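I opened the notebook to work through this structure piece by piece. These are my entries, in the order in which I looked things up.

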Amino acid sequence: MTLNDSTSNLALTKSDNSSGDAELPAHVEKSPQIPGPPPFPEGGLQAWQTVLGGSMILFCTFGVVQSFGVYQAYYSSHYLSQYVASDISWIGSVQTFLLFFGGLPAGKLFDEGYFHHCIGAGSLIYLFSVFMLSLAKPHQYYQIFLAQGIGMGIGMGLLFLPAISVTSHYFRRRRAAAMGVVLAGKCSSLGAVIYSIMLNNLFNGNAGFGWGVRAAGFIDLGLLGTANLIMKTRLPSRRERPDAKPVDLKAILSDFGYWLCVIGATLTFWGLFVPFFYLQVFSEYHGLSKNIGFYAIPIMNASSIFGRTIPNFLGDVIGPFNVMIPCTVISGGLLFLMFAATNLGGTIAFGILYGFFSGGFISLITPAAASFSRDLNEIGQVLVPPLRDLRPDRFTTCSTRIGITSFVISFALLTGNPIAGALVQVNHSYIWYRPLVFASVVVLAGAACLTASRTILSKRKNTNRL
């Protein structure tokens, strides 16, 4: 290397280094530094292949979670008819709990550079559990619980956060659009629509439960196998950046506004998924034909496709809290209106409205929680639209705030639907006002906490665009 080359490189380092290190003479040897990541490609074949792979994973995982109402209805009337609604809902609740609970260990593994290990192991565990579920015998609760609740849940937990996180390796300016495809739920809601319709028809047709589950398993096999082949990371892992700034956990744990946001999200998730578990059972109980009941959950999930994309882009313009809080309040109010979903028109109207506004909350809670971060070390690779203009050379890979939020709300998802099941069924009779009032009250309480959280953040940042 010539003297001119050395001087030029050192000058370039100075201009790009935010710490303002002084330029060294050419004859002085500078200690080696790990270079920052190259500029974001904002697209390209590998970038969109990774987005596609993440969408496939969300299709298989969150799509299945949102279609559990089909299993709830079938188990209640056929496979586990001797068990009460609360016992059956524990299967889906444990599955959802492990999906979110797994975000903390899976996020740490992703940060350390084990992305392919995570999605590979998660895919194998998930697929094995799906095919084991297809072999479960009627009235054998433990077989279904182990395969669907524990096994599929662990697999989902290893897949979910890495599939979302890796997308942000490729996008900065266009991150809202890319994350909208994966995280905001186009493919997860689409998966819920397809699985709900397919499983309802197969379970109650000639195929039966076993082959219905296997049909879903073969779809999952193709999608997860393809995702493992086409997804790749781009940014250096934490192991490759030993100089990475450590996360200030004390600051996070003492951030009152952030914890109000987490509490608000936890309360909201406590009641938010009750209709996704019970709407089909509710409609059939009130005399709607099975054909209409079959499509109650797909209608809600189809509406959620728009609910998880339109509010997401609107939140990019006026702030995630300003969109999320109205969506949460409306969702809490709509839960009272589920009483009116006793005929065809009421069921369709409720499904469309609730799917849209609940989807708005789900898509925006991640950027809202991340808005409290004072440093990129607290956010990680799951960078969200309000933070898209931060410099790419300062990205870190510690998904701390999002991992903590995911971990805490997992406990609400574990207990919310079983509580609703215990409230709805007494001596084998359904009393519907009790779970609906419970769900509505906790969702509205969550909205109140989120509003207080937004007020604290607004004073801290001196802006209303939150």
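**Entry 1: Y75**

I began with the contacts of Y75, leaving out residues up to four places away in sequence: Y75 touches L80, S81, I88, I91, L133, I144, Q148 and F209. I note here that the model is predicted. Y75 lies in helix α4, residues 68-79. Is Y75 buried or exposed? Its relative accessibility is 0%, so Y75 counts as buried. I also looked up the spacing to A85, which is 10 residues away in sequence. The C-alpha atoms of Y75 and A85 are 9.1 Å apart.

**Entry 2: the whole chain**

I then stepped back to the overall counts. The protein has 21 helices and 2 strands. Of its 466 residues, 57% count as buried. I looked at contacts with a separation of 6 or more, and 80% of them join residues 24 or more positions apart.

**Entry 3: helix α2**

Helix α2 covers residues 45-60, 16 residues in total. From first C-alpha to last I read 23 Å, close to the 22 Å expected at 1.5 Å a residue. Which residues of α2 are buried? I listed A47, T50, V51, G53, G54, S55, M56, I57, L58, F59 and C60.

**Entry 4: two positive phi values**

Most residues other than glycine have a negative phi. H139 is not a glycine, yet its phi is positive, about 65°. H139 sits in the loop between α7 (115-134) and α8 (141-165). Its relative accessible area is 38%, so I put H139 down as partly exposed.

N462 is the other entry, with a positive phi near 55° in a residue other than glycine. I found N462 in the segment after α21 (433-461). N462 counts as exposed because its relative accessibility is 72%.

**Entry 5: α13 against α21**

Next I turned to helix pairs. Two packed helices are described by the angle between their axes and the distance between the axes. For α13 (residues 256-272) and α21, the axes come within 7 Å and cross at roughly 160°. That angle is over 145 degrees, so α13 is roughly antiparallel to α21. I recorded the crossing of α13 and α21 as left-handed.

Which residues meet here, α13 with α21? From α13 I noted F256, G257, L260, C261, I263, G264, A265, L267, T268, W270, G271 and L272. From α21 come F438, A439, V442, V443, A445, G446, A447, C449, L450, A452, S453 and I456. By class, the contact of α13 with α21 has 18 nonpolar, 6 polar and no charged residues.

The axes of α20 and α21 come within 7 Å and cross at roughly 145°. On the α20 side I have G416, I419, A420, A422, L423 and V424. They meet R434, P435 and F438 in α21. The contact of α20 with α21 has 7 nonpolar, 1 polar and 1 charged residues.

I stayed with α20 (residues 400-424) and looked up I404, which is found in this helix. Its relative accessible area is 14%, so I404 is buried. Leaving out residues up to four places away in sequence, I404 touches L104, I252, Y258 and W259. I also checked I404 against G103, 301 residues apart along the chain. Their C-alpha atoms are separated by 8.5 Å.

**Entry 6: α17 against α18**

Helix α17 spans residues 310-318 and helix α18 spans residues 320-337. Their axes come within 6 Å and cross at roughly 135°. That makes α17 oblique to α18. P311, L314, G315 and I318 in α17 meet P320, N322 and V323 in α18. I sorted the residues of this contact by class: 5 nonpolar, 2 polar and no charged.

**Entry 7: G351**

G351 counts as buried because its relative accessibility is 0%. Neighbours within four places in sequence aside, G351 is in contact with I299, M300 and S303. G351 and A341 are 10 residues apart along the chain, with their C-alpha atoms separated by 8.7 Å.

How values were computed
Residues numbered from 1 in each chain as written. Predicted model: local features only at pLDDT ≥ 70, side-chain atom pairs only at ≥ 80, totals over all residues. Heavy atoms only, no water. Helix = DSSP H or I, 4+ residues; strand = E, 2+ residues; numbered from the N terminus. Expected span 1.5 Å × (residues − 1). Buried < 20%, exposed > 50% of the residue type's maximum accessible area, 1.4 Å probe, protein only. Axes fitted to C-alpha atoms, helices over the stretch in contact; angles between N-to-C directions. Parallel < 35°, antiparallel > 145°, perpendicular 65-115°, else oblique. Left-handed = near helix turned anticlockwise from the far one by under 90°. Contact = heavy atoms within 4.5 Å. Nonpolar A, V, L, I, M, F, W, Y, C, P; charged D, E, K, R; others polar.
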